[in-house]
Amino acid sequence: MKSPAINKAMDILRQLRGITEGQDNLPVKLDKIMALIASSMNADAAACYIAVDDTYLELFASHGFNPGAAHKVSLRFGEGLVGEVAKNNRSLAVADAWKHPKFSYKPELGEEEFKSFAGVPLIRWNRAIGVLVLQGREPHEYSRMEIEILETVAMVLSELVSSEEMAEYKKSLIKERGITEKEKHKGISLSKGYGLGNAVIHRRRQAVSKIFAEDKEAELHKLEKAHQQMNEDLDEKFASTKLGIGEHVDILDAYRMFAKDKGWYKKIADNVQSGLTAEAAVERAYEDMWNRLSGTTDTYLKERLHDLRDVADRLQSYLSGDVGSIKGVDSNDIVVVAQTMGPADLMDYDYSKIRGLIIEDGTPTMHVAIVAKALNIPVVAKIRGIFDEIKTGELLGVDGTEGYVYINPTAAVKEKFQDKIAAQEELKRKLAELRKLPSKTKDGVRINLAINVGLAFDLDYIETTNCDGIGLYRTEIPFMTSDVMPNVERQLSYYKELMDRAGQKKVIFRSLDVGSDKLLPYWSFGGEENPAIGWRSIRITLDRRAILRKQVRAFLRSAAGKELNVMFPMITNLAEFEEAKETLMLELEKEKRRGEPVPSKVNVGLMIEVPAVVFQLDSILPQADFISVGTNDLAQFTFACDRGNPKLTERYDVLSSPFLTMMKEIVTKADKYGVYCSVCGEMGGNPIEAMALIGLGYRNLSMSGSSFGRVKSMVRSMNVAEVSDYVNNLLKSSKRTLRPQLIAYAYDHGIEIY
Ligand code: PEP
Ligand code: MG
């Protein structure tokens, strides 16, 4: 006797054969099959994803989801539940898909209302060639029998997917999209956007040809000249390049510090003294460092090692006289193709002409990708062999959004790229236009939007964004990029420049926040085991009070006759805040006694970054003029989750009940005590997260200048009262993340969160 599973499967298969052997064309057949499977299995929806290559799946047919979603949804192997099934080549069933950590929301599908999920792989020669999916509106535990039936159906479907008929259909799709297989290469996206331009091949590293030197003095002279020339060129490049704002600027400055590092230079010179050529000496110095650091698990040190490799390569090219230049391509639109690349290498090119970047060995955290992103350059990486395949001058299309590279694209693909690029420009224009419009929600609530600044470059954003003020001045950045600890006069020159550029706008200075990942080149922090929770930030400046006193003196002088706002980072209890505040007030008194001009008003605040402070708001808020929530650190301490560890990036979400509840508690208390409250961590600069914060009651957000336009556009399209109801209701949820719901809400209510 056959099992019930087999009987049921046979019944479905009989009907399925009827469809596959019928006269309909393939898309119609697939649609009919999906409807059959959904109804026979008592499911509300069914879908069939087919692998288009070894890395991507595309929705080919569905029933019960948004009609017309076919070919509009694609997923990487490993992405979402469907991608997980394909990657592991194994069935997966969950009662509520939204609760699964791997769930990835696809708005094109309209899957908001679906809960239960069962996915089985379509297999051919042991490889997943597609995924068959069932979904239901209610949570449902799929039985072993149901999965067995689906797996049997999937076997028949696999035949259809591997048929001639499907091959023909795929070809027709490719033709329709104007793509020929040969020209299209799949990689990973490191920076989104579309670009079209002529290939420029980035120079390869030269092998060291001569190891031992005949004339030590001549080698030393050569080394000195090359080192000096390299640094002069770097200084000039950086000074003439307007880089905007953010992490990429810190990266480039760190790189420059590396290039000037005296210890490194001395090691190379010592190697020359021991008889090596300058080139070999550079390699030896790098190898020594590599031997010492390559085993580290510390991501910061690993990144430094990359920087050192890049600086060593750069010095080698100065030594050999082969300083990289754009040769043989006379074009205003270029795509740089590299095996690997350092962040400063990008500056070798006129970046206003760079339309795309292809890096064969790229990784998402590599510094050049962060710099490229800040410059709005699309980047695609990890395409094996592409460096050797592309020839100088060839036309390349870089699709940084989906991670594709097109070599010598056809006219149709080229046209598509031109359309995408035009749409991209249109978006940029739209964001620029926002500058003149008020930052007000649809129901008339004014939201103050400020920017975070660190380096001189950032100041340009004061004008380009037309922001309400500077919500966070990270004063440690100029300290980090200086060779020595800046004295009061030097500090005053930085702060004064900011005050002058800000005019009447509110500026919030933060006292020195060093330690952890923000190291000073001239100061040893003495290898702590847990630097993020170690001797850092206010803990250092309270212990080394002279540093704090000098800094606040410079603050006071920079704001003579104006309002001064100073906040202290990493405050953990009231006593720390009182001590810091007292230091500032004593310095103010001293200035008055000295007859120096002082600010018209001094406001003192603190950052909310340590969870312990959230439980002391009742005692701290009456002493504070304002607070600013540093969500980057607050989240890392709340979730006990290192903010820089890439393995943890998707594990915990600030858009979850525990974190949002904490954020609500902070703003509610601040309102109760009438204390100005803002957010200056990354959360404020991400449109969907900013939407949730406004829903919780925040009215002041500060963000990097590059995020400003998108957040403002979101603000102008939201309704505070409605979002507030929705977000407050969501706080009851115990889901790991509320992000999918918030995104779905934004889509449904026309809130712009691009
Ligand atoms: C924060 O922690 O959210 C913050 C703004 O400070 P930083 O990122 O400089 O540590
Ligand atoms: Mg912080």
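Predicted model: local features only at pLDDT ≥ 70, side-chain atom pairs only at ≥ 80, totals over all residues.
Figure 1. The chain holds 27 helices and 22 strands. Of its 754 residues, 53% count as buried. Among contacts between residues at least 6 apart in sequence, 68% join residues that are at least 24 apart.

**Figure 2. The antiparallel sheet of strands 3-2-1-6-5-4.** Six strands make up this open sheet, and their pairing is antiparallel. Strand 3 (74-76) and strand 4 (92-94) are the edge strands, each pairing on one side only. From one strand to the next, the twist averages 20°. Strand 1 (residues 45-51) and strand 6 (residues 127-136) run antiparallel and are joined by six bridges. Within this pairing, Tyr-49 has Val-131 of strand 6 as its bridge partner. Helix 4 (residues 144-161) packs on the sheet, where it touches strand 1, strand 4, strand 5 (116-124) and strand 6. The direction of helix 4 makes about 45° with that of strand 5.

**Figure 3. The mixed sheet of strands 7-14-13-9-10-11-12-8.** Eight strands form this open sheet, with mixed pairing. Its edge strands are strand 7 (184-186) and strand 8 (188-191), and each of them pairs on one side only. Neighbouring strands of the sheet are turned against each other by 30° on average, direction ignored. Strand 8 runs antiparallel to strand 12 (residues 379-381), and three bridges join the two. One residue to look for is Ile-188, whose bridge partner in strand 12 is Ala-381. Helix 13 packs on this sheet and touches strand 9 (194-201), strand 13 (395-399) and strand 14. Between the direction of helix 13 and that of strand 9 the angle is about 115°.

**Figure 4. An aromatic cluster of Tyr-194, Tyr-404, Tyr-406 and Phe-417.** Ring pairs link these four residues. The count of aromatic pairs comes to 14. In one of them, Tyr-404 and Tyr-406 form a tilted pair, with 6.3 Å from centre to centre and 40° between the planes. Tyr-404 and Tyr-406 are both buried. Tyr-406 also pairs with Phe-417, here edge-to-face, at 5.4 Å centre to centre and 80° between the planes. This second pair links distant parts of the chain: Tyr-406 belongs to strand 14 (residues 404-407) and Phe-417 to helix 13 (residues 411-433), 11 residues apart. Tyr-406 counts as buried because its relative accessibility is 7%. Phe-417 counts as buried because its relative accessibility is 5%. Lys-186 lies over the face of Tyr-404, 4.7 Å from the ring centre.

**Figure 5. Strand 18 and its parallel neighbours, strand 17 and strand 19.** Five of the six residues of strand 18 (residues 563-568) are buried, so the strand is largely enclosed by the rest of the structure. Strand 17 (residues 506-510) runs parallel to strand 18 and is joined to it by three bridges. Across this pairing, Arg-510 stands opposite Met-567 of strand 18. Strand 19 (residues 601-608) likewise runs parallel to strand 18, with six bridges between them. Here Glu-563 stands opposite Lys-601 of strand 19. From strand 18 the chain passes through helix 19 (residues 574-593) to strand 19, making a right-handed β-α-β crossover.

**Figure 6. Lys-506 over the ring of Tyr-676.** The charged end of Lys-506 sits over this ring, at 4.4 Å from its centre. Strand 17, which spans residues 506-510, runs parallel to strand 18.

**Figure 7. Pro-486 in the loop between helix 15 and helix 16.** Pro-486 counts as buried because its relative accessibility is 5%. With residues up to four places away in sequence not counted, Pro-486 touches Phe-479, Gln-491, Tyr-494 and Tyr-522. Pro-486 and Gln-551 are 65 residues apart in sequence, and their C-alpha atoms are 9.5 Å apart in space.

Conventions:
Residues numbered from 1 in each chain as written. Chains lettered and ligands numbered in written order. Heavy atoms only, no water. Phe/Tyr/Trp six-rings, centres within 6.5 Å; stacked < 30°, edge-to-face > 60°. Buried < 20%, exposed > 50% of the residue type's maximum accessible area, 1.4 Å probe, protein only. Helix = DSSP H or I, 4+ residues; strand = E, 2+ residues; numbered from the N terminus. Lys NZ or Arg CZ within 6 Å of the ring centre and 35° of its normal. Pairing = 2+ DSSP bridges. Axes fitted to C-alpha atoms, helices over the stretch in contact; angles between N-to-C directions. Contact = heavy atoms within 4.5 Å. Right-handed = clockwise from strand over helix to strand, strands pointing away.
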